[in-house]
Amino acid sequence: MGKLDNRVAFVTGAGRGIGAATALRLAEDGARVVLADIDTDGCKQVIADIERAGSQGLAVACDVSNKAAVEAAIQQAVDTFGRLDILVNNAGVIRDNLLFRMTDDDWETVINVHLRGAFLCSRAAQAHMVKQRYGRIVSLSSTSALGNRGQVNYSTAKAGLQGLTRTLAIELGPFGITANAVAPGFIDTEMTRATARRQGFDPQERIEAASKVIPVRRVGQPRDVANVICFLASEESSYVSGQIIYVAGGPR
Ligand code: NAP
């Protein structure tokens, strides 16, 4: 018996990185998982891993910033698996630049994917969760919410997700739904490797440099974040809501 047997999860940006690790981790605990991504190619490998772990996955093409696509994807999840218990708002992009060089498009793309995406997915998912009187919503914030040079768009979106999380907790708590956020620090994924390459650094050297200043003396792996999400997605966390858990190998 897994602690998520009979639960259905919807994970955005599940084709790689933290989303892929989370989809697999939830499946290992028994959940059936809908993997939503703008490009579902990466989801196929994750679904093979999920099936090897003894559960089921479904890949759905969905741009989380598109209202019609989100509503259709959530409906497809419920039509396929009969319910929806867990939403993980994970899909993300970065368009880093100093403020004076940041374009309108850099700003809007990041705000739309992270903030509008989490809003649209949470609104569509809660309709089913409220009827069930049960739900778990976990969103991906970041240590960048505390402020980060070159990330005024991303930092604003990740801070906004903290406000969204606390407000969802207040509004949805009476219906058996909790809302929490995880705020990772440096996690080794394509997002951080691409940032290093764009800045002219070797990703491995970046990891080694970061490891020297992180209190636990290593960078995070996607599974480190997935483990915390899995707890927040379970019944064991039913008295934890509106919280932001930093997963950063130190306080921030
Ligand atoms: P990643 O490796 O870049 O993966 C992000 C996934 O989201 C990709 O599969 C991407 O699809 C998908 N995606 C992008 N835009 C989308 C959209 N509009 N609709 C649906 N899916 C979309 O990133 P990651 O490092 O795993 O990050 C996952 C989350 O954790 C993000 O919210 C990120 O901000 C947050 N986070 C990461 C770190 C870190 O150090 N890595 C730290 C703090 C917070 P494509 O590949 O097709 O573009």
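Biologist: Why is E208 called partly exposed?

Modeller: Its relative accessible area is 44%. Buried means under 20%, exposed means over 50%, and partly exposed is what lies in between (1.4 Å probe, protein chains only). E208 sits in helix 7, residues 203-213, and its C-alpha is 7.9 Å from that of R218, 10 residues apart in sequence.

Biologist: What should I know about the model before we go on?

Modeller: It's a predicted model, where local features need pLDDT of at least 70, side-chain atom pairs count only at pLDDT 80 or more, and totals for chains, interfaces and linings use all residues. Residues are numbered from 1 along each chain as its sequence is written, and side-chain values use heavy atoms, with hydrogens and water left out.

Biologist: What makes S144 count as buried?

Modeller: S144 has 8% relative accessibility, so it counts as buried. It belongs to the loop between strand 5 and helix 5. Those element names come from DSSP runs, numbered from the N terminus: helices are H or I with at least four residues, strands are E with at least two. S144 touches Q151, Y154 and S155, not counting residues up to four places away in sequence, where a contact means heavy atoms within 4.5 Å.

Biologist: And V219, buried or exposed?

Modeller: Buried: V219 comes in at 6% relative accessibility. V219 is in the loop between helix 7 and helix 8. Leaving aside neighbours within four places in sequence, V219 is in contact with F186, D188, I207, A210, S211 and I214. The C-alpha of V219 is also 5.9 Å from that of I187, 32 residues apart in sequence.

Biologist: What makes strand 6 mostly covered?

Modeller: Eight of its eight residues, 177-184, are buried. In a regular strand the side chains alternate between the two faces of the sheet. In strand 6 both faces are covered: I177, A179, A181 and A183 on one side, T178, N180, V182 and P184 on the other.

Biologist: How do you know which strands pair with strand 6?

Modeller: Two strands pair if DSSP finds at least two bridges between them. Strand 5 (residues 135-140) has six bridges to strand 6, in the parallel sense, with S139 opposite A181. Strand 7 (residues 244-247) has four, also parallel, with Y246 as the bridge partner of A183. Both counts meet the cut-off, so both are pairs.

Biologist: What is the strand order in the sheet, and why do strand 3 and strand 7 count as edges?

Modeller: The open sheet has seven strands in the order 3-2-1-4-5-6-7, with parallel pairing. Strand 3 and strand 7 each have a single partner strand, so one side of each lacks a neighbour in the sheet. From one strand to the next, the twist averages 20 degrees; axes are lines fitted to C-alpha atoms (for helices, over the stretch in contact), and angles run from 0 to 180 degrees between N-to-C directions. Helix 8 (residues 222-232) lies across strand 4, strand 5, strand 6 and strand 7, at about 165 degrees to strand 6. Helix 3 lies across strand 1, strand 2 and strand 3, at about 155 degrees to strand 3.

Biologist: Which handedness does the β-α-β unit of strand 5, helix 5 and strand 6 have?

Modeller: Right-handed. With the strands pointing away from the viewer, that label requires the path from the first strand over the helix to the second to run clockwise.

Biologist: Last one: how many residues does the largest nonpolar core have?

Modeller: It has 33, and F10, V34, V70, I74, L84, L87 and I137 have the most contacts inside it. Such a core is a set of buried Ala, Val, Leu, Ile, Met, Phe, Trp, Tyr and Cys residues joined through side-chain atoms within 4.5 Å. Helix 4 gives the largest share, eight residues. Another core, of 29 residues, lies apart from it, with L4, L26, C43 and V88 among its members.
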